[in-house]
Amino acid sequence: KAPTRIFSGIQPSGGLTLGNYLGALKRFAAFQGTGPQTIYCVVDLHAITVWQDPARLTQQTREAAAAFLAAGVDPARSILFNQSQVPAHAELAWLFNTVARLGWMYRMTQFKDKSGKNSENVSLGLLAYPSLMAADILAYHADAVPVGDDQKQHLELTRDIAAKFNHDYGVDFFPEVQPLIEGPATRVMSLRDGAKKMSKSDPSDASRINLTDDADAISQKIRKARTDAEPLPGSMDGLKDRPEARNLVNIYAALADEGPDAVLARFEGQGFGAFKPALADLAAATLSPITARMSEYMADPAEIDRILGEGADRADALAQPILARTKEIMGL
Ligand code: ADP
Ligand code: NA
């Protein structure tokens, strides 16, 4: 069924990466004008589930908004806002905290990864994160969510919360949400560890490509990326046991808007000595206009705040009646 309303968000938890661009931002922009209404959010309430320095958080929120805008999210065609400015998110999340089960939360792999061995000393919010994410989406009755592969499990929980709410209260109120996890870059991996995803929330990984990197930095990081000495095969079937190579080809394909097999058809028989510079050129050519637009927006923080404020008003107008009806259903 064709989506009618798309929602997605990005945490202002650090500098955005190439993974955030290819897995999220680029796709957010592409959904505009395809039919469904598009609603995009800087999710600062999610970011504070781990410690954020207040002044830095304000800066990172503007920077994330600048990245949305620079990547082509157009406030005339989409609603773009900051989560904490629309109270319905936190309020609906509380209601969902009474619907969701504790065991569902403990099973989330992101919670296990982020809490590590220290799971008694993380914030309660980190555990309840998926409940807030369900509220983000369902406060708008959004029915489709473009995300990277890492968010798949959380989206299943959104579906579980919606279904349990509808069942417990005997209503057919919250829609079934479809994850839109598509394309060659649903999980861009770290350039130094093919088993870990590239993440802005992992400051220890200096190999990650940031949206603010210049062409030199990008080229150095790609040159240093872990690979092997084998030539490239003619199709992705030949890369089954070569995760690092697969990652670089997928990145190339996503940047070029091509299938990975089409990319390999051109590079068949060549080694990384040829492939890496080509990838670095393509990445720099794609990112440099985005980086430039980001710094233009960042030079005018008042304009970013104005755009976010206007977006928050529009988001609030959509969410309020849905929140009011939810409370009514619950007898509140
Ligand atoms: P991060 O994990 O980098 O802190 P977020 O949790 O804010 O990023 O996620 C923002 C969006 O970017 C989500 O849709 C997420 O699935 C996507 N995303 C994050 N990292 C990657 C990646 N390495 N590859 C593809 N998509 C990603
Ligand atoms: Na994430």
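Modeller: Start with one rule. Two residues are in contact if their C-beta atoms, placed from the backbone, lie within 7 Å. Keep in mind that this model is predicted.

Biologist: Which residues does Ile251 touch, not counting residues up to four places away in sequence?

Modeller: Apply the rule. Ile251 touches Leu18, Leu22, Ala185, Val188 and Leu279.

Biologist: Which residues touch the most other members of the largest nonpolar core?

Modeller: General idea first. In soluble globular proteins, nonpolar side chains tend to be buried together. Here the largest nonpolar core has 94 residues. Ala67, Phe68 and Ile251 touch the most other members. Domain 1 and domain 2 each give this core at least three residues.

Biologist: Where do domain 1 and domain 2 lie along the protein chain?

Modeller: Domain 1 takes residues 5-180 and 301-330, and domain 2 takes 215-295. The bounds come from an automatic or database domain assignment. Over C-alpha atoms, the two domain centres are 31 Å apart.

Biologist: How many residues of domain 1 are in contact with domain 2?

Modeller: An interface can be described in several ways. Its size is often given as the accessible area lost when the parts come together. Here we count contacts instead. 6 residues of domain 1 meet 6 residues of domain 2. On the domain 1 side, helix 1 and helix 3 (54-70) each supply at least two residues. Helix 3 has the largest share, with 3 residues. By class, this side of domain 1 is 6 nonpolar, no polar and no charged.

Biologist: Now the ligand. Which residues come nearest to ligand 1?

Modeller: There are 21 residues around ligand 1, and Gln11, Gly19, Gly23, Val147 and Gly148 come nearest. Then ask which element contributes. Helix 1 (residues 18-31) gives the most to this shell, with 4 residues.

Biologist: How many residues in the shell around ligand 1 are nonpolar, polar and charged?

Modeller: The shell has 6 nonpolar, 11 polar and 4 charged residues.

Biologist: Where does UniProt place the 'HIGH' region?

Modeller: An unreviewed UniProt entry puts this short sequence motif at residues 12-20. In the model, residues 12-20 are 33% helix and 0% strand. The end C-alpha atoms of that stretch are 11 Å apart.

Biologist: Why does Ser8 count as buried?

Modeller: Count C-beta atoms within 10 Å: 20 or more means buried, 12 or fewer means exposed. Ser8 is buried because 23 C-beta neighbours fall inside 10 Å. Ser8 lies in strand 1 (residues 5-10). Ser8 is in contact with Ala24, Phe28, Tyr40, Val145, Pro146 and Val147, leaving aside neighbours within four places in sequence. Ser8 and Ile39 are 31 residues apart in sequence, but 6.7 Å apart C-alpha to C-alpha.

Biologist: Which residues is Ala215 in contact with, leaving aside its neighbours within four places in sequence?

Modeller: Ala215 is in contact with Ala284 and Ser288. Ala215 belongs to helix 9 (residues 215-224). Along the chain, Ala215 and Ala284 are 69 residues apart, yet 5.0 Å separates their C-alpha atoms. With 15 other C-beta atoms within 10 Å, Ala215 is partly exposed.

Biologist: Which helix holds Thr286?

Modeller: Thr286 sits in helix 12 (residues 272-298). Its 18 C-beta neighbours inside 10 Å make it partly exposed. Arg293 has 16 C-beta neighbours inside 10 Å, so it is partly exposed. The C-alpha atoms of Arg293 and Leu69 are separated by 8.1 Å, and the two residues are 224 apart along the chain.

Biologist: Last, backbone angles. What is the phi of His141?

Modeller: Most residues other than glycine have a negative phi. His141 has a positive phi, near 50 degrees. His141 is in the loop between helix 7 (124-138) and strand 4 (144-146). His141 is partly exposed, because 18 other C-beta atoms lie within 10 Å.

Biologist: Is Asp257, with its C-beta neighbours inside 10 Å, buried or exposed?

Modeller: Asp257 counts as exposed, because 11 C-beta neighbours lie inside 10 Å. Its phi is positive, about 55 degrees, although Asp257 is not a glycine. Asp257 lies in the loop between helix 10 (243-256) and helix 11 (260-267).

Conventions:
Residues are numbered from 1 along each chain as its sequence is written. Chains are lettered from A and ligands numbered from 1 in the order in which they are written. This is a predicted model: local features need pLDDT of at least 70, side-chain atom pairs count only at pLDDT 80 or more; totals for chains, interfaces and linings use all residues. A residue is near a molecule or strand if its C-beta atom, placed from the backbone, lies within 6 Å of it. Ala, Val, Leu, Ile, Met, Phe, Trp, Tyr, Cys and Pro count as nonpolar, Asp, Glu, Lys and Arg as charged, and the others, Gly among them, as polar. A nonpolar core is a set of buried Ala, Val, Leu, Ile, Met, Phe, Trp, Tyr and Cys residues joined through C-beta atoms within 7 Å. UniProt positions are given in the numbering used here, feature names are shortened, and annotations may be inferred rather than shown by experiment.
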